[in-house]
Amino acid sequence: MMNQTLHIRLRNVEGAVIRALGLIERRGYSLDNCTVSQAQGDDRRMEVGVRSSRPGDLLKRQLERLHDVLHVELLPVTANHKHNPHIRPLQGENK
Amino acid sequence: MVVITGQVPSALQGTDAFQEVDIFGITLPIVKHSYIVRNVRDIPQIVNEAFQLAEGGRPGPVLIDLPKDISAGMGEVVYTAPLPLPEMPQPDSHAIQAANEVLSQATRPLIIAGGGIAISDSVEIFRKFIARTKIPVTSTLKGLGVMPTDDPNFIGMLGMHGNGAANHAVQNCDVLMVVGARFDDRATGHLASFAQSARIIHLDIDAAEISKLRKADVAIVSELAPALEGIQLRDEVSTTWCGQCAGWKKEFAWRYDAPGEGIYAPRLLRDLTRAKTEGMTITCDVGQHQMWVAQHCSFDNPLDHLSSGGLGTMGYGLPAAIGAKVAKPQNTVVCVSGDGSIMMNIQELATLNRYKIDVKILLLDNSALGLVRQWQEIFFDGNYSEVHLDDNPDFAGVARAFGIQARSIRQPEAVHDAIHWLLNTEGAAMLHVAIDSMENVWPLVPPGKANHMMMKSVPLKEVKT
């Protein structure tokens, strides 16, 4: 189980945020936190913290397939990650 | 594919209006991209973009949801030219070099040909590559026809219902080059045991497929043609290994001397493709008949075999056949279906009749959802549930009611003439074939088992080269 943080730049269009968030959960990453804000120009910036036994770089490549996703940055695992103390790791997955 | 859906007027969206459904939301997980049109003047740009996205890179479905006030609305529209397809990624020279190095060290190289080869229109280039390198080839379900079925370098389809030769080759190879395929669980069996001693070279247009399921030792994310042209073998493939693959192919060749008095579907399907003339497309539905088509029909081209692979959608066969016939009217199009699958879209018989579309239907009727029944027999001690369809309608009668000619057979002696009748009758026709409801698809790699652990096949032999 690993915590990962991704910075995602999105087009400001209908469905873009839900499309990205839906993909994250569907692909087996649980969403710990998420903030969406206005970025440069008309774009949106999304910062997400995810947990999964699956690698973050695979999620990055899956997000990059989305037409509304303009750029994805995967922060190193050691980066300042906001851990949610209310979420206990699933049994057997905290290795 | 671009799908245009009608939506309630914009002002009523989100109010649970009559026939309102959030098709944009419902389809989010299954589209490559989707749009809701909010302004009449956006239509040309959205339509152009939709086609560009649907066709470009790794193709996929795009949906355009069109509220009624937009579709019926008037406004100034500037039509723009269709957008060019996006540039395809080109192979990285370091990756090509790495692939060449790995291949040059191989003593038992093998290729898995996937559906991506046909999608990227690279069949000829792939065949030239095989002619040049002589590497033995297996294929996925969607890769069937990339190599002609009778090509000496082609070993067969691998996986759950693949043949023994392909599964033994893949379990014994030391370098596995996967071309336009994605390590689907039906192809790999138990993933950790799949091609255990092989180094993997993975060629795909989609970066998200690389190391998704099996770590690639070399990844080439690129348009297929230049990648294949860049790969050069220093030495010829070991004749011992090629001989071993050829030996397996002989050892595991399909047998058609099945016991039983009824019609043996695999033999009938073999005879169907033997009887074919130039240009025959076979579409199938999903289930036992689909696996028998994959195993026993021969294909010269991947587009000759239209089958619902990853999604395994029952009901695909008849609409796919209609599409194939409309696209290539000169081809003979045969929809091989089952009694479970045909019922999913049987109303399309009306389409055949209405537009006089000359599709031939070969309906293999075992009065059961056969593949599910097979699993319940083998893995659930014959505890059958909801698989018996012995109250099926009279399918030939149903076809006739729709204005389609139909015949029904159940004796092996009738097969030869019936195939001739089906292929040579003018206009749409159905041949209904009653087969044994207890017939199974063999071999079978049980779920969670390695590919060499095939039921009704002989055990794996280690190869020393």
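**Domains, cores and the A–B contact**

Reply: In this predicted model, chain B is assigned domain 1 (2-71), domain 2 (93-251) and domain 3 (265-434).

Me: What distance separates the centres of domain 1 and domain 3 of chain B?

Reply: Taken over C-alpha atoms, the two centres are 33 Å apart.

Me: OK, packing. Which residues touch the most other members in the largest nonpolar core?

Reply: That core has 114 residues, and the ones touching the most other members are Ala113(B), Ala169(B), Leu176(B), Val179(B), Leu362(B), Leu363(B) and Val433(B). Domain 2 (93-251) and domain 3 (265-434) of chain B each supply at least three residues to this core.

Me: Take Leu176(B). What is it in contact with, leaving aside neighbours within four places in sequence?

Reply: Leu110(B), Ile112(B), Val170(B), Ala195(B), Ala198(B) and Ile200(B). Another core, of 15 residues, lies apart from the largest one and includes Ile8(A), Val50(A), Val69(A) and Val72(A).

Me: Switching to the contact between the chains. How many residues from each?

Reply: Chain A gives 11 residues and chain B gives 11 residues.

Me: And which elements of chain A give two or more residues to that side?

Reply: Helix H1 (16-26) and helix H2 (56-64) of chain A. H1(A) has the largest share, with 4 residues.

Me: How do the residues on the chain A side divide into nonpolar, polar and charged?

Reply: On the side of chain A that touches chain B, 2 are nonpolar, 4 polar and 5 charged.

Technical notes
Residues are numbered from 1 along each chain as its sequence is written. Chains are lettered from A and ligands numbered from 1 in the order in which they are written. This is a predicted model: local features need pLDDT of at least 70, side-chain atom pairs count only at pLDDT 80 or more; totals for chains, interfaces and linings use all residues. A nonpolar core is a set of buried Ala, Val, Leu, Ile, Met, Phe, Trp, Tyr and Cys residues joined through C-beta atoms within 7 Å. A residue is buried if 20 or more other C-beta atoms lie within 10 Å of its own, exposed if 12 or fewer, and partly exposed in between; C-beta atoms are placed from the backbone. Domain bounds come from an automatic or database domain assignment. Two residues are in contact if their C-beta atoms, placed from the backbone, lie within 7 Å. Ala, Val, Leu, Ile, Met, Phe, Trp, Tyr, Cys and Pro count as nonpolar, Asp, Glu, Lys and Arg as charged, and the others, Gly among them, as polar.
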